[in-house]
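Hi there,

Here is the structure I promised to pass on.

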Amino acid sequence: QVQLVESGGGLVQPGGSLRLSCAASGRIRSIDGMGWYRQAPGKQRELVAAITSGGSTNYADSVKGRFTISRDNAKNTVYLQMNSLKPEDTAVYYCNAQINNYYYTGNYWGQGTQVTVSS
């Protein structure tokens, strides 16, 4: 069984920084793409940033220049460094990954971690 476990959310003032982590565990043969999504109250879940197994990245326009996604393939972990946070970044952040468990490649989600940007 494969699991994604996120950590690092919390309350931060506008202009502050947070670093989210998401570790995959279980029966893992390989991990393809990994990414972070977020969902604010009353809004649809949206892609924040994604990274391929080769390290290519993609960002939502709203976070370009402020957020950085990275991954440690040896630790099966993806990170999201969030700087210059704004109140509109407030949301539940979800980790996502395409993971091969020796039988098939599935699309997996973490449980979500709350990020609140407020003074």
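**A buried arginine and its partners**

Arg38 counts as buried because its relative accessibility is 6%; buried means under 20% relative accessible area, exposed over 50%, and partly exposed in between (1.4 Å probe, protein chains only). Its side chain meets that of Glu46 in a salt bridge, 2.7 Å from N to O, a salt bridge being a side-chain nitrogen of Lys or Arg within 4 Å of a carboxyl oxygen of Asp or Glu. Glu46 has 36% relative accessibility and therefore counts as partly exposed.

Before going on, a word on the basis: this is a predicted model, in which local features need pLDDT of at least 70 and side-chain atom pairs count only at pLDDT 80 or more, while totals for chains, interfaces and linings use all residues. Residues are numbered from 1 along each chain as its sequence is written, and side-chain values use heavy atoms, with hydrogens and water left out.

Back to the charges. The structure holds 4 salt bridges. One of them joins the side chains of Asp89 and Arg66 at 2.8 Å, N to O. Asp89 sits in the loop between strand S8 (77-82) and S9, and Arg66 in the loop between strand S6 (57-59) and strand S7 (67-72), so this pair ties together parts that are 23 residues apart in sequence. Both Asp89 and Arg66 are buried. Through shared partners, salt bridges join Arg38, Glu46, Arg66 and Asp89 into one network.

Asp61 also forms a salt bridge, with Lys64, and the closest N and O atoms are 3.1 Å apart. Asp61 counts as exposed because its relative accessibility is 66%.

Tyr104 lies in the loop between strand S9 (91-100) and strand S10 (105-109), and its 48% relative accessibility is why Tyr104 counts as partly exposed.

As for the whole chain, it has 0 helices and 11 strands; helices (H or I, at least four residues) and strands (E, at least two) are DSSP runs, numbered from the N terminus. The C-alpha trace spans about 45 × 25 × 25 Å along its principal axes. Of the 119 residues, 43% count as buried.

Best wishes
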